[in-house]
Amino acid sequence: MSVQIRRAAAPDIPAILDIVNHSILFSTSIYDYDARTLEQQQLWFAEKNALNFPVIVAEIDGKVAGFGTYGSFRVKVAYQYTVEHSVYVAEDFKGQGIGKLLLSELIELAKLDGFHVMIGCIDAANASSIGFHEKFGFEITGTIKEVGFKFGRWLDLVLMQLILKH
């Protein structure tokens, strides 16, 4: 299996949308209820590009197997060196190291872009994502209790951070 990590392009948006919508509809990795439309995902992509935030994809045999991105953590100027990231892998490609390749690339891009901290906001029940991030040196910095409500239950959010070494 040959995986290519590259910058996403407009033709990748439908595949990214499929990954996002699966996460929305079947998991608590995205705290949305409703599937996104193609137009919403195109706007998201345009906004990332306009703000010079990367959107990268993992491609296998011409198919998008996952994607990653980062963006502003909060909008106050003092947070300008901190980004919040996201990594998602298509169901058919989970457990094959795709997430590792995507997060490794995002960390390197964040360093090159001069950021100091990366933040991950992870549903507390997602032990595999928490463990995944710990392998990269992310540390749990706190848990916000019952801040989300999805699938008929309250959700806790774990905050994790990585201080980037330049």
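These legends describe close-up views of a predicted model.

**Figure 1. The largest pocket and the residues at its centre.** The largest pocket has a volume of about 1200 Å³. Its lining is made up of 43 residues. Ser29, Ser86, Val87, Tyr88 and Ser129 lie nearest the centre of this pocket. By residue type, the lining of the largest pocket holds 15 nonpolar, 20 polar and eight charged residues.

**Figure 2. Elements around the largest pocket.** Helices and strands both contribute to the lining. The helices α1 (13-26), α2 (38-50), α3 (98-112) and α4 (127-135) each supply at least two residues. Which element gives the most to the lining of the largest pocket? It is β4, with six residues.

**Figure 3. The second largest pocket.** The second largest pocket has a volume of about 160 Å³. It is lined by 13 residues, and Asp18, Ile19, His22, Ala90 and Glu91 are the closest to its centre. Both α1 and β3 supply at least two residues of this lining. The most comes from α1, with five residues. The lining of the second largest pocket divides into six nonpolar, two polar and five charged residues.

**Figure 4. Salt bridge between Asp32 and Arg36.** Side chains of opposite charge can pair when their charged atoms come close. The side chains of Asp32 and Arg36 form a salt bridge, with an N to O distance of 3.1 Å. Asp32 has a relative accessibility of 29%, so it counts as partly exposed. Arg36 is at 24% and therefore also counts as partly exposed. In the model as a whole, the count comes to seven salt bridges.

Figure 5. Lys111 and Glu108 meet through their side chains in a salt bridge of 3.5 Å, N to O. Both residues lie in α3. They are three residues apart, which is about one turn of the helix. Are these two partners buried or partly exposed? Lys111 counts as partly exposed because its relative accessibility is 25%. Glu108 is partly exposed as well, with a relative accessible area of 41%.

Figure 6. Asp156 forms a salt bridge with Lys145, and their closest N and O atoms are 3.9 Å apart. This pair links distant parts of the chain. Asp156 sits in strand β7 (residues 153-163), and Lys145 sits in strand β6 (residues 139-150). The two residues are 11 residues apart. Asp156 has a relative accessible area of 22%, so it is partly exposed.

**Figure 7. A salt-bridge network of three residues.** Arg6, Asp12 and Glu59 belong to one network. They are joined by salt bridges that share partners.

**Figure 8. A nonpolar patch on the surface.** Which residues form this nonpolar patch? They are Tyr33, Phe149 and Trp154. Together they have about 370 Å² of accessible area. Trp154 is found in strand β7. Its relative accessible area is 53%, so Trp154 is exposed.

**Figure 9. Lys165 and Lys111.** Lys165 lies in the segment after β7, whereas Lys111 lies in helix α3. The two lysines are 54 residues apart in sequence. In space, their C-alpha atoms are 7.6 Å apart. Lys165 counts as exposed because its relative accessibility is 63%. Lys111, at 25%, counts as partly exposed. Lys111 is also the salt-bridge partner of Glu108.

**Figure 10. Residues with positive phi.** Where is Asn52 placed? Asn52 is in the loop between α2 and β2 (55-60). Its phi is near 60°, a positive value in a residue other than glycine. At 63% relative accessibility, Asn52 is therefore counted as exposed. Glu146 also has a positive phi, of about 50°, although it is not a glycine. Glu146 is found in strand β6, the strand that holds Lys145.

Terms used: Residues are numbered from 1 along each chain as its sequence is written. This is a predicted model: local features need pLDDT of at least 70, side-chain atom pairs count only at pLDDT 80 or more; totals for chains, interfaces and linings use all residues. Side-chain values use heavy atoms; hydrogens and water are left out. On a 1 Å grid over the protein atoms alone, a cavity is a set of points where a 1.4 Å probe fits but cannot get out, and a pocket is an open set with protein on both sides within 12 Å along at least five of seven lines; lining residues have an atom within 4 Å of a point. Grid points are joined across faces, edges and corners, and a volume is the space filled by probe spheres set on the points. Helices (H or I, at least four residues) and strands (E, at least two) are DSSP runs, numbered from the N terminus. Ala, Val, Leu, Ile, Met, Phe, Trp, Tyr, Cys and Pro count as nonpolar, Asp, Glu, Lys and Arg as charged, and the others, Gly among them, as polar. A salt bridge is a side-chain nitrogen of Lys or Arg within 4 Å of a carboxyl oxygen of Asp or Glu. Buried means under 20% relative accessible area, exposed over 50%, partly exposed in between (1.4 Å probe, protein chains only). Patches are made of residues with over 30% relative accessible area and no salt bridge: like charges are joined within 9 Å, nonpolar side chains (Val, Leu, Ile, Met, Phe, Trp, Tyr) within 5 Å. Accessible areas come from the Shrake-Rupley method with a 1.4 Å probe; for residues, only the protein chains shown count as cover.
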